[in-house]
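This report describes one protein model, part by part. Please keep the sequence and the structure in view while reading.

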Amino acid sequence: MDLEKQPQQPVAPAGPAPAGIRASDADRDRIADILREAMAEGRLTVEEHAERVDLVYRAKTVGELEPLVQDLPAGRAAGRPAASPYAYGPEGPSGPAENLVAVFSSSTRKGRWRVGGRTNAFSLFGSIEIDLTEALFGQRLTVINATSIFGSVEIRVPENISLRGSGTGVFGNFEVDTLESTDPEAPVVVVNGYSVFGNVEAKPKRGKLIANLHDQLRKHLGH
């Protein structure tokens, strides 16, 4: 038959897309994940991460994306064990930020709740309390953007996670007690923002430790 006379075309092995190929949303998300992980590990500052992520979502081609992670151990994630001692959700684009607003009022987030990737806290002549000591982290990196104007934003975290921050106090106080967990897979909380005639404070809560979240999650769902 004619079909038998036609030589079979070899199937090209899948590989990295050529540099000139238009970047897909999946390509951008993959690079953004690598950058997020690099910031969580302390390889990038908050400012460097923000600059590179902005370039990621402006990139038109794969060739524009590659230089953004050239100086990072991008292949490290592939070699990680599948099991993690923490009950993180699947890696992927983060959802909408949670917003906590206190204007001449107070707002509190504490107890057993699942933390998203981003939280925005805005206090104007008010107070906001964010207590992460009993929270379930949906991902390894959690970013809290805190703004206080004639108000206060207080953030409390377990003692055995990593806590980092970057901010400014203008006639006010911006204070983050830096922590570095000895566990490379422990959650990382980054607090950014500023205060004007107000207070932004992020500290560990003494005696509060984050335990094996898989066990915690099973107990929580079992009840």
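Ser152 is in contact with Ser123, Gly126, Ser127, Ile128 and Asn199, leaving aside its neighbours within four places in sequence. Ser152 belongs to strand β8, which covers residues 152-157. With a relative accessibility of 18%, Ser152 counts as buried, because buried means under 20% relative accessible area. The model is a predicted one.

**The chain as a whole**

The protein chain contains 5 helices and 12 strands. Of its 223 residues, 39% count as buried. The chain exposes about 12,700 Å², and carbon and sulfur atoms supply 55% of that area. Among contacts between residues at least 6 apart in sequence, 70% join residues at least 24 apart.

**The sheet**

In what order do the strands of the open sheet of 5 strands stand? The order is β1-β4-β7-β11-β9, and the pairing is parallel. Strands β1 (98-103) and β9 (162-170) are at the edges, and each has a single partner strand, so one side of each is left without a neighbour in the sheet. On average, neighbouring strands of this sheet are turned by 10 degrees against each other, direction ignored.

Helix α2, made of residues 25-40, packs on the sheet. This helix touches β7 (141-149), β9 and β11 (188-196). The direction of α2 makes about 70 degrees with that of β7.

At one edge of the sheet, β1 is joined by 6 bridges to strand β4 (residues 118-124), and the two strands run parallel. In this pairing, Val101 stands opposite Phe122 in β4.

Phe122 is located in strand β4. Not counting residues up to four places away in sequence, Phe122 touches Leu100, Val101, Ala102, Val103, Ile128, Thr147 and Ile149.

Which residues form a nonpolar patch on the surface? They are Val101, Val103, Phe104, Phe122, Phe125, Phe150, Val170, Phe171 and Phe197, and together they have about 920 Å² of accessible area. Phe171 is found in the loop between β9 and β10 (173-176). The relative accessibility of Phe171 is 68%, so this residue counts as exposed; the cut-off for exposed is over 50%.

**Salt bridges**

How many salt bridges does the structure hold? There are 13 salt bridges in the structure.

| Side chains | Distance, N to O |
|---|---|
| Arg43 and Glu41 | 2.7 Å |
| Arg156 and Glu201 | 2.7 Å |
| Glu180 and Arg164 | 2.8 Å |

Consider the pair of Arg156 and Glu201. Are its two residues buried or exposed? Arg156 is buried, with a relative accessible area of 19%. Glu201 also counts as buried, at 13% relative accessibility. Both residues take part in a network of salt bridges that links Glu154, Arg156, Glu175, Glu201 and Lys203.

The salt bridge between Glu180 and Arg164 ties together parts that are 16 residues apart in sequence, because Glu180 lies in the loop between β10 and β11 and Arg164 in strand β9. Glu180 counts as exposed at 52% relative accessibility, whereas Arg164 counts as buried at 15%.

In the pair of Arg43 and Glu41, Arg43 counts as partly exposed at 43% relative accessibility. Glu41 is partly exposed too, with a relative accessible area of 24%.

Conventions:
Residues numbered from 1 in each chain as written. Predicted model: local features only at pLDDT ≥ 70, side-chain atom pairs only at ≥ 80, totals over all residues. Heavy atoms only, no water. Pairing = 2+ DSSP bridges. Helix = DSSP H or I, 4+ residues; strand = E, 2+ residues; numbered from the N terminus. Axes fitted to C-alpha atoms, helices over the stretch in contact; angles between N-to-C directions. Contact = heavy atoms within 4.5 Å. Patch = residues over 30% accessible without salt bridge, like charges linked within 9 Å, V, L, I, M, F, W, Y side chains within 5 Å. Areas by Shrake-Rupley, 256 points an atom, 1.4 Å probe, with all protein chains shown as cover. Salt bridge = Lys/Arg side-chain N within 4 Å of Asp/Glu carboxyl O. Buried < 20%, exposed > 50% of the residue type's maximum accessible area, 1.4 Å probe, protein only.
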